[in-house]
Amino acid sequence: IPTTFVRFVFTAEVASGAQTFGDQAANAIETVGQAVAAAGIANAFGEIKDGFLQAVNVSKDFSAAMSKVEATSGASSSEIAALTAQAKELGATTQFTAKQSADAMGYAAMAGWSAQEMAAGMDGFLSAAAASGEDLGTVSDIVTDSMSAFQMGAEETGHFSDVLAAAAANANTSIGIMGETFKGSASVAGALGYSIEDVAVATGLMANVGVKGSIANTALRNTFNGLLGGVTLTGKAFGEYEYTAIKADGSMKSLGDTINELRGYFEQMTESERVLNAQEIAGERGYNGLLGVLMASEESYENLTEKINNCEGA
């Protein structure tokens, strides 16, 4: 439009006198103004400005997130450059943005992961978040904290994420809810040498009877504590039996073996005996969750156990 306007002014000046030129110029300006309004150019420029500012803000947010990763992890400039490139690539090739990938790295850094561990763990974080439909940063936080509690290395991120995804898909829970369950119980489970698979089975069975999140956290922790001291199981069918989850060498039986053994005894009990014996093991604040594990149907128990123990790619 400016070029047309200049050309018109030049032609008008040659062909007309000063008065005629002035009239024609005024008309031209009015015509140009109408054309601008008609074409919506003012609105277009506004949209361009808004888009530009949005792009600037996205860039600033991403840079801030990567700066947090750098400050928290203590990674070198070359390592941060590599992580930055990885986050941008993930933002371009996955359903998650570069900023979300940077946030996931930030949670891993806060859990003490090195730059190499963060880079290796990103695929697992993204897979778990995509499978569950949950926030990438939240999933990263849950996975890194829980893996540390279970004393697992970053190279196992994919498998750990598969376990969580399998439990969420086959029990009445989610990765976010499992994160709440693990907050106080995972460190105890890890110290006892329990596997994430066995704990995930117990967590899923508890969730199936409505014992979830912080309530399941308490139930698991109290159950673990109760098993440490040994327990006297009582029932008309077998009298009294001194049960221990500790092997002769002082190590713990696997949680899966312990659950199997206890389920065998609880099958022989009356309804009231089951409640009383569960209270004996897990206390008043934990027996509800323990009963959910021990009284689940054989079909439910075996199905969930099979799905979690064969969860690759979940």
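Guide: Two strands count as paired if DSSP finds at least two bridges between them. The model before us is a predicted one.

Visitor: Over how many bridges do strand E1 and strand E2 pair?

Guide: Strand E1 covers residues 231-235 and strand E2 covers residues 239-243. A hairpin of three residues joins E1 to E2. Val-231 stands opposite Tyr-243 in E2, and the bridge partner of Thr-234 in E2 is Glu-240. The two strands pair in the antiparallel sense, and the number of bridges is five.

Visitor: Which residues form the covered face of E1?

Guide: In a regular strand the side chains alternate between the two faces of the sheet. The uncovered face of E1 has Thr-232 and Thr-234. The covered face is formed by Val-231, Leu-233 and Gly-235.

Visitor: Is Glu-240 buried or exposed?

Guide: Glu-240 has its place in strand E2. Leaving aside neighbours within four places in sequence, Glu-240 is in contact with Thr-232, Leu-233 and Thr-234. A residue counts as exposed over 50% relative accessible area. Because the relative accessibility of Glu-240 is 63%, this residue is exposed.

Visitor: Which residues have the most contacts inside the largest nonpolar core?

Guide: The largest nonpolar core has 82 residues. Leu-233 belongs to the group in question; leaving aside neighbours within four places in sequence, its contacts include Leu-262, Phe-266, Met-269 and Ile-281. The residues with the most contacts inside the core are Phe-125, Tyr-194, Val-199 and Leu-233.

Visitor: What kind of aromatic pair do Phe-238 and Tyr-265 form?

Guide: The structure holds seven aromatic pairs. In the pair of Phe-238 and Tyr-265, the ring centres are 5.5 Å apart and the planes stand at 70°; planes over 60 degrees apart count as edge-to-face. The pair links distant parts of the chain, with Phe-238 in the loop between E1 and E2 and Tyr-265 in helix H12, 27 residues apart. The pair is therefore edge-to-face.

Visitor: What kind of pair do Tyr-241 and Tyr-265 form?

Guide: The ring centres of Tyr-241 and Tyr-265 are 4.8 Å apart, with planes at 25°. This pair links strand E2 to helix H12 across 24 residues. Planes under 30 degrees apart count as stacked, so the pair of Tyr-241 and Tyr-265 is stacked.

Visitor: Which backbone oxygen does the side chain of Lys-253 reach?

Guide: Lys-253 is found in the loop between E2 and helix H12. Not counting residues up to four places away in sequence, Lys-253 touches several residues, among them Tyr-194, Tyr-243 and Glu-261. At 3.2 Å, the side chain of Lys-253 reaches the backbone oxygen of Thr-244.

Visitor: Which element of the protein has the lowest mean pLDDT?

Guide: The protein averages a pLDDT of 87, and 82% of the residues score at least 70. Over residues 3-18 the pLDDT is below 50. The highest mean among the elements, 98, is that of helix H14, and the lowest, 44, is that of helix H1.

Notes
Residues are numbered from 1 along each chain as its sequence is written. This is a predicted model: local features need pLDDT of at least 70, side-chain atom pairs count only at pLDDT 80 or more; totals for chains, interfaces and linings use all residues. Side-chain values use heavy atoms; hydrogens and water are left out. Helices (H or I, at least four residues) and strands (E, at least two) are DSSP runs, numbered from the N terminus. pLDDT is the predictor's confidence in each residue, from 0 to 100. Contact means heavy atoms within 4.5 Å. A polar contact is a pair of N or O atoms within 3.5 Å; within protein, one must be able to donate a hydrogen and the other to accept it, and residues adjacent in sequence count only if both atoms are side-chain atoms. A nonpolar core is a set of buried Ala, Val, Leu, Ile, Met, Phe, Trp, Tyr and Cys residues joined through side-chain atoms within 4.5 Å. Buried means under 20% relative accessible area, exposed over 50%, partly exposed in between (1.4 Å probe, protein chains only). Rings of Phe, Tyr and Trp (its six-membered ring) pair if their centres lie within 6.5 Å; planes under 30 degrees apart count as stacked, over 60 as edge-to-face and the rest as tilted.
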